[in-house]
Amino acid sequence: MSTESTHPAGWTDVDSRAVDTARLLAADAVQKVGNGHPGTAMSLAPAAYLLFQKVMRHNPADPDWAGRDRFVLSCGHSSLTLYNQLYLGGFGLELDDLKALRTWGSQTPGHPEYQHTPGVETTTGPLGTGVANAVGMAMAARRKRGLFDPEPAPGQSIFDHEIYCFASDGDLQEGVSGEASSLAGTQRLGNLTLIWDDNRISIEDDTRIAFTEDVAARYAAYGWHVQTVDWVGTGEYKEDIAALHEALTVAKQVTDRPSFIQLRTIIAWPAPKAQGTGASHGSALGDEEIAATKKLLGFDPAKTFEVTDEVLTHTRGLIERGKQAQAEWQDQFNAWREANPERAELFDRLAARELPAGWDTDLPVFEASDKGVATRAASGNFLTAAAKTLPELWGGSADLAGSNNTSPKGEPSFLPEDRQSEMFPGNEYGRVLHFGIREHAMGAIMNGIAQHGGTRVYGGTFMVFSDYMRPPVRLAALMGLPVTYVWTHDSIGVGEDGPTHQPVEHLSALRAIPGLDVVRPADANETVAAWRTVLGHTDRPAALALTRQNVPTFPRGTDGFADVSGVAKGGYVLKDSVGTPDVVLIATGSEVQYAVAAAEQLAAKGTHARVVSMPCREWFDEQDDAYRESVIPPNVKARVSVEAGIAMSWRDLLGDAGRAVSLEHYGASAAGTVLFEKLGFTTDAVVAAAEESIAAAGQPASTLPRRPAGRIGTADKYVVG
């Protein structure tokens with residue numbers, strides 16, 4: 001069943017043998033571990049081999065080479081499709097790694113993981129996400145070209161390279177892939193090629209039970225260049241390598257649209273009984289079926305993981321070809337560097353993920369004011385100022401730019417010139433992103449942008465819609481990607497839009513994601529300090545939870561108020577009491593003002609209250625014990641948390657005697673000012689909670705009353721939750 005074809009890249013009997021070797025490695029690896037996905041890796045082996053050995057520009061000896069093409073396996077369950085090529089091509093995997101598939105400590109986990117296995121560009125678990133990652137990579141490649149080498153014609157810059165993506169039926173059923181593909185068509189991303197493995201099989205077998213649309217027509221409607229390569233045909237199955245190679249060649253030549261290739265295959269080909277079955281998608285084939293397949297392909301049925309020296313020597317010739325390609329690129333890069341010293345200096349800084357000296361000297365500073373500023377507005381002012389010194393910083397919103405304040409003033413939008421509008425002028429190298437109403441895709445595209453490297457991206461929407469984004473937010477945290485979420489309208493302060501738009505559980509739910517910094521600044525100056533801190537981190541994502549409504553701007557460094565230097569530590573003493581505090585009031589965001597006012601009322605009664613602003617639990621928890629205890633003394637058991645959301649995030653800090661001014665039920669439709677009063681976020685509520693906590697702190701723990709849980713529909717002065 002070996003494939004024999006001629007094409008411009010040159011295809012030999014050894015190439016055919018290498019493809020069949022890859023098929024059987026997939027079957028053997030899954031059989032050995034007892035679980036996994038062999039079928040797609042078998043039938044996609046020719047396409048993957050063609051890409052890695054004949055089409056893509058990359059270097060196994062330097063998988064992070066800046067000039068490389070990128071490959072994304074969106075159907076991450078078929079991880080062997082990628083692992084086999086990384087092994088054959090010499091990227092660092094060896095046969096023992098394939099034998100260790102899906103086992104503890106291996107380089108070959110069940111789904112490819114970013115920064116775990118050399119040659120893996122992104123973590124692809126949830127289906128469809130990889131498609132959006134690839135779109136983000138293509139966008140980042142264009143933005144970087146604009147920063148470093150915008151003048152050459154398409155395909156003539158050293159910064160031009162291709163993004164390739166494999167997608168399965170499952171990927172294209174998930175909505176995130178459609179969201180991202182629609183945007184890719186609007187953006188005319190000519191450096192992106194998506195290959196759809198159209199085998200019409202998923203876990204529930206024949207996809208006709210749930211997936212019957214004309215996918216190629218859909219992509220044509222998105223504005224993609226569409227081709228079909230049909231290996232199934234109407235008669236004998238033929239893996240026409242030359243036809244696929246020609247389609248890939250044409251796709252690369254199309255520079256004004258992304259390219260979509262519908263590749264019709266038979267899953268698990270050429271296994272005699274398993275081919276075309278749902279069972280082959282996610283189950284081992286069995287010893288008998290694998291032996292029959294090996295016999296059919298001319299391999300020894302008694303051997304497992306068989307790779308001849310001839311095949312491996314041939315495929316690892318990619319290493320020398322890759323080194324030569326990189327050396328040629330490096331010569332061109334060196335010439336560019338000599339001709340463009342300022343751009344080269346920027347390239348080096350961005351590659352090192354360093355901020356320029358003095359970048360933050362002209363950031364906005366806000367005067368003290370009771371009327372204050374909304375933190376979303378302060379964030380917008382920061383972005384306008386930072387844009388002048390940080391060309392790598394770019395981003396936008398899911399159609400909420402005016403509300404999220406994500407558009408730096410005077411900066412062009414990132415879009416084809418004929419797509420610009422009167423409100424948003426721009427060009428293909430602009431920096432203001434328009435994701436459309438596509439929060440899920442926005443999150444995944446941002447991940448792809450970050451993975452591509454060289455820029456720093458942010459994206460905004462209302463905080464309640466972070467629910468749409470949770471899968472890519474989780475993946476960003478898993479991968480340690482420095483993306484920033486600008487989530488505004490962060491509480492019941494949204495007001496009249498009502499409970500559907502008022503986040504209640506979101507802060508605690510987001511804090512539950514390991515590796516995500518959730519930052520809720522108290523005022524305008526804290527917002528600027530928060531942004532400064534976020535941009536200083538390069539190993540994690542961060543979420544800014546910002547207010548719609550104005551909040552007071554505190555007098556920093558005067559009247560007993562601290563400056564904002566403590567923001568970077570996550571929590572700090574904003575305003576202290578005289579002597580040892582009787583109670584510690586811990587608050588975030590728009591509710592800090594109530595803690596400050598409550599401390600003043602308590603002082604008038606002779607009670608000493610310390611006010612702690614804690615914009616970021618994650619940063620605070622990173623500090624050593626000495627610092628944390630200096631902020632919240634362990635001997636002060638009376639503590640109150642104040643946050644317009646559920647109190648789950650604060651239980652560990654409150655202890656038995658602590659009290660939470662929180663919201664354990666949904667909001668309502670009314671003006672934000674009315675809701676804060678009606679739902680118990682007032683100075684009086686904080687004072688009452690403080691006095692109750694002080695009283696409780698003086699009792700033995702066994703005698704403390706059990707704190708009742710909040711009930712939906714309640715409007716207590718404060719909810720003890």
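A cavity is a set of points, on a 1 Å grid over the protein atoms alone, where a 1.4 Å probe fits but cannot get out. Grid points are joined across faces, edges and corners, and a volume is the space filled by probe spheres set on the points. The model is predicted, with local features needing pLDDT of at least 70, side-chain atom pairs counting only at pLDDT 80 or more, and totals for chains, interfaces and linings using all residues. Residues are numbered from 1 along each chain as its sequence is written, and side-chain values use heavy atoms, without hydrogens and water.

**View 1. Second largest cavity.** The space here is about 80 Å³. Lining residues (an atom within 4 Å of a point) include Phe52, Met56, Arg68 and Glu121. Seven are nonpolar, two polar and three charged (Asp, Glu, Lys and Arg count as charged; Ala, Val, Leu, Ile, Met, Phe, Trp, Tyr, Cys and Pro as nonpolar; the others, Gly among them, as polar).

**View 2. Largest cavity.** Its volume is about 210 Å³. Of 15 lining residues, Leu350, Arg353, Glu392, Thr455 and Arg456 lie nearest the centre. The lining holds seven nonpolar, four polar and four charged residues.

**View 3. Largest pocket.** A pocket is an open set with protein on both sides within 12 Å along at least five of seven lines. This one holds about 650 Å³. Its lining has 28 residues, with Pro154, Gly155, Asp160, Asn191 and Thr255 closest to the centre. Eleven are charged, ten nonpolar and seven polar.

**View 4. Second largest pocket.** About 520 Å³ lies here. Among its 23 lining residues, Asp64, Arg68, Gln451, His452 and Gly453 lie nearest the centre.
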